[in-house]
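Please keep the sequence and the model in view while reading.

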Amino acid sequence: MSTPRHNTLASLVESIALIIEQARGQVRQAVNSAMVNSYWHIGQMIVEHEQQGAARAQYGKQQLQQLSAELTERLGKGFDVTNLRNMRAFYQAFPIRETVSLELSWSHYNALSRIENESARRWYQQEAQKQAWSVRALERQISKLYYERLLASQDKTLVENEAAQHTQPLAESVKEYLRDPYILDFLNLQDKSYQESELEQAIISNLQQFLLELGKGFAFVERQQRIRFDDEDFFIDLVFYNFKLKCFLLVDLKLGKLRHQDIGQMDTYVRLYDEQRKGDDDNPTIGLVLCSEKSEAVVKYSVLADKKQLFAAKYLPYLPSEEELKRELERERARAMAQLSQSGEQEDSNE
C-alpha cells in the first residue's frame, strides 16, 4: 500500500517530467520550423539569382558549386551542391510559402519535392499531415504509387486498408530526432557524442592500408567517390582496382547491424559502376559491405546474381576471405577507438 509521501513524490515526478517533455517537443518544433523556413527561402534566393543569368543552366551549375564552397567554408556541413539543389527543388515544388506546413519536416519535403505530378504531390502532403506519417511511411507510399492506385482502383477501401498497415506513425524521441544528419548539419553540431564519423573515417583509413598491403593486386582509386543516378548522388566509402582480376572493388562501411537494405544498396552501387565506370576490357565490379558493431563485425561480398559463378571460380583466390576481413575489421575498430580516445584525452589536457 502506497504512503501519502510516496503519492506526493510520484505526482511531483510526473509533473516535472511533463514540463520537460513538453519543452523538448517545443525545441523540436522550433528547430523544424526554422529549418523548413530557412531552406524554402534559400531555395527562393537561388532560383531568383539563377534567373538573372543569360545561359541559366550552365550559370546555375557554376554558381551552385561556388556557392556551396563558400557556404561550407563559412557555415560548415550541410551546403553541398546536392543539398542546395534540394532547397531549390523545394521552392520550385512549393513556390507559395503559405502552402508549406511546418507540421512536416525537411526530410518530408525532400521526398515530396521529387514528385513531378503536382496533384499527387499535394495529396501526399495532405495525407502525411493528416495521418502523421513518418518520413519512411511517406516514402513507402510514394514508391508504392498509393495515390495513383487510389485513382485507378474501383475498390478504394481495399487499397486504403492495405496502405494503413504500412503507414502507422513511428514513435521518435527528441534525442533520435536531433541525431538526424540534416538537423546536425543545420545546427552545425559536430560533437563526438552526436556523430560517429571520426570513428568511421579512422576505420576506413586503417582498412585502406590493410588491403593495399595484402599484396594481391589492389590499387587505391578514391575515397568517398561520388556516383550519380536519377539526379541523386551516392558516395562510396572506398574504391579499389585489382590489376590481377582486372576489376573494381567497392567498399562500404556501416557502423551498426547489417541490414538487408545495406546489401541492396551495394548491389545498386555495383550495377551503376558497371554501367558508368567499368571499361570494355574490365571484369564485372564486386562490392564489399563491412558492418562494425561493438560486439561483432559482419562482412559480406556483394555480387550480382549472374556473376556469382565467375566470382567463385576466378575472384576468390585474389580476395581476402570474409572471415579474414571480419577479424581485421574487429582489430581496426579497437585500434580506431583507442586512437580517438587518446586524441580526446590529449585535447582535454590541453584545455
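Two residues are in contact when heavy atoms of theirs lie within 4.5 Å. The model is predicted, so local features need pLDDT of at least 70 and side-chain atom pairs count only at pLDDT 80 or more, while totals for chains, interfaces and linings use all residues. Residues are numbered from 1 along each chain as its sequence is written, and side-chain values use heavy atoms, with hydrogens and water left out.

Begin with D252, which is placed in strand β3 (residues 247–255). Helices (H or I, at least four residues) and strands (E, at least two) are DSSP runs, numbered from the N terminus. Is D252 buried or exposed? D252 has a relative accessible area of 4% and is therefore buried; buried means under 20% relative accessible area, exposed over 50%, and partly exposed in between (1.4 Å probe, protein chains only). Not counting residues up to four places away in sequence, D252 touches D237, Q265, M266, Y269, L288, V289 and L290.

Attention now turns to the nonpolar cores. In soluble globular proteins, nonpolar side chains tend to be buried together. A nonpolar core is here a set of buried Ala, Val, Leu, Ile, Met, Phe, Trp, Tyr and Cys residues joined through side-chain atoms within 4.5 Å. The largest such core has 35 residues, of which F90, F94, Y109, L112, Y124 and L138 touch the most other members. At least two residues of this core come from each of α1 (4–50), α3 (81–93), α4 (106–113), α5 (118–131), α6 (135–143) and α7 (146–152). Helix α1 gives the most, with seven residues. Another core, of 28 residues, lies apart from this one and includes L199, V251, I286 and L319.

The packing of helices comes next. Two packed helices are described by the angle between their axes and the distance between the axes. Axes are lines fitted to C-alpha atoms, for helices over the stretch in contact, and angles run from 0 to 180 degrees between N-to-C directions. The axes of α4 and α5 come within 10 Å and cross at roughly 155°. This angle makes α4 roughly antiparallel to α5, since angles under 35 degrees count as roughly parallel, over 145 as roughly antiparallel, 65 to 115 as roughly perpendicular and the rest as oblique. Here Y109, L112 and S113 in α4 meet R121, Y124 and Q125 in α5.

How do α4 and α6 lie, and at what angle do their axes cross? Their axes come within 9 Å and cross at roughly 10°, and α4 and α6 are therefore roughly parallel to each other. In this contact, S107, H108, A111 and L112 of α4 meet V135, L138, E139 and I142 of α6.

Some individual residues complete the account. A89 is found in helix α3 and counts as partly exposed at 25% relative accessibility. The C-alpha atoms of A89 and N110 are separated by 8.3 Å, although these residues are 21 residues apart along the chain. A132 lies in the loop between α5 and α6 and, although not a glycine, has a positive phi of about 55°. At 45% relative accessibility, A132 counts as partly exposed.
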